[in-house]
Amino acid sequence: MNYCSHCGHAVERRVPPGDDRPRAVCSGCGAIHYENPRAVVGTLIEQHGRLLLCRRAIEPARGLWTPPSGFLELGESSPAGALRETREEAMAHAAIEGLFCHIDLPHIGQSYLFYRARLLAPDVAAGPESLEVAWFEPDGLPFGQLAFPVIHTALELWLADRRETRRAVHHGLLRWSGAGNRFDPANYVLEEHMALVLHPR
Ligand SMILES: [Zn+2]
C-alpha cells in the first residue's frame with residue numbers, strides 16, 4: 001500500500017505508539033492500515049479412491065493443477081467458502097465432511113484450509129477459472145505440475161494418510177528456505193506439524 005484508502009495521502013511505514021512492528025501509517029489522516037494474513041479455502045474430494053483436481057485457467061500458476069480453492073470472502077465461513085470455490089472451479093455440488101489441513105504460509109501471509117468433501121451430484125466440469133477438471137489415482141497425482149508448494153504439501157499429507165489407512169486433521173507451517181525458487185517445493189519444509197488422528201479410514 002502506497003496511498004491511504006481513506007484520504008489518498010501517502011503512507012509511511014513506522015511503528016505506531018504502543019505497537020511492536022512497522023505498519024502502513026497515513027501521513028495525512030493518521031489512519032493505521034493493518035495488513036494481516038488471508039485465508040485460502042478449498043476441498044479435497046475423493047471418489048472411488050481418486051482425487052478431484054482443477055487445472056488453473058488464470059494466473060498465477062496458469063495451466064497447473066490444484067484442488068478447488070480460493071480466497072475466503074468477507075461474510076462467509078471457511079467451509080462455505082470452500083464449497084463456493086468448488087462450485088465455481090469444478091461446477092461440483094459437494095458437502096463438507098471435515099477439516100483436512102490448516103497450513104500457514106507466513107512468507108506470503110496466507111493460511112490454507114482444505115476440507116474433505118464428498119460430491120452430492122456426480123457431474124463435474126471446468127468452471128470459468130479452470131481449463132479442465134480431472135480425477136487422479138493416488139499413484140498418478142501430477143506432482144511436478146502442481147500450482148503451488150502448499151498444494152504439494154497437502155497432497156503428500158493426503159497420500160501419507162492413505163498409506164497408513166487413517167484419517168487425520170493436520171496443522172503445519174510451510175517454511176520457505178529464504179532462497180531459491182519460491183515455486184519449487186524442495187525449498188520448503190513443513191514445521192509445527194500436528195496430526196490429530198480421527199479414526200482408521
Ligand atoms: Zn489518510
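I count a charge as sitting over a ring if NZ of Lys or CZ of Arg is within 6 Å of the ring centre and within 35 degrees of the ring normal. With that rule I looked up Arg38, which lies over the face of Phe71 at 4.0 Å from the ring centre, and then Arg182, whose charged end sits over the ring of Trp176, 4.0 Å from its centre.

I note that this is a predicted model, in which local features need pLDDT of at least 70 and side-chain atom pairs count only at pLDDT 80 or more, while totals for chains, interfaces and linings use all residues. Residues are numbered from 1 along each chain as its sequence is written, and side-chain values use heavy atoms, with hydrogens and water left out.

**Overall layout**

I took helices (H or I, at least four residues) and strands (E, at least two) as DSSP runs numbered from the N terminus, and found two helices and twelve strands. From the N terminus on, their order reads β-β-β-β-β-β-β-α-β-β-β-α-β-β. Along the principal axes, the C-alpha atoms fill a box of roughly 60 × 35 × 30 Å. With buried meaning under 20% relative accessible area, exposed over 50% and partly exposed in between (1.4 Å probe, protein chains only), buried residues make up 45% of the 201 residues. Taking contact as heavy atoms within 4.5 Å, I find that 59% of the contacts between residues at least 6 apart in sequence join residues at least 24 apart.

**Zinc site**

Donors here are N, O and S atoms within 2.8 Å of the metal (3.2 Å for Na, K and Ca), and since water is not among the atoms, sites may look incomplete. The protein donors of the zinc ion are the SG atoms of Cys4, Cys7, Cys26 and Cys29, lying 2.3 to 2.4 Å from it, and their spacing along the chain is C-x2-C-x18-C-x2-C. Cys7, in the segment before strand 1 (11-14), and Cys26, in strand 2 (residues 23-26), are 19 residues apart and link distant parts of the chain. Cys7 is partly exposed at 35% relative accessible area, whereas Cys26 is buried at 2%. Four donors count as tetrahedral if all angles lie between 85 and 135 degrees, and the angles of 97 to 117 degrees among the four donor atoms make this site tetrahedral.

**Nonpolar cores and aromatic pairs**

I define a nonpolar core as a set of buried Ala, Val, Leu, Ile, Met, Phe, Trp, Tyr and Cys residues joined through side-chain atoms within 4.5 Å. The largest one has 28 residues, and among those with the most contacts inside it are Tyr112, Phe114 and Leu155. Helix 2 gives the largest share of this core, seven residues. A second, separate core of eleven residues includes Cys54, Ala92, Ala117 and Leu119.

Which residues beyond four places in sequence are in contact with Phe114? They include Gly42, Leu44, Pro67, Leu99, Ile151 and Ala154.

Rings of Phe, Tyr and Trp (its six-membered ring) pair if their centres lie within 6.5 Å, with planes under 30 degrees apart counted as stacked, over 60 as edge-to-face and the rest as tilted. I found two aromatic pairs. Trp65 and Phe136 are edge-to-face, at 4.9 Å centre to centre and 80 degrees between the planes. Because Trp65 lies in strand 6 (residues 65-66) and Phe136 in strand 10, the pair ties together parts that are 71 residues apart in sequence. The Tyr112 and Phe114 pair is tilted because the ring centres are 5.9 Å apart and the planes stand at 45 degrees. Tyr112 is buried at 6% relative accessible area, and Phe114 is buried at 1%.

Note on methods:
Four donors count as tetrahedral if all angles lie between 85 and 135 degrees; four count as square planar and six as octahedral if opposite donors are over 155 degrees apart and all others between 65 and 115; anything else is irregular.
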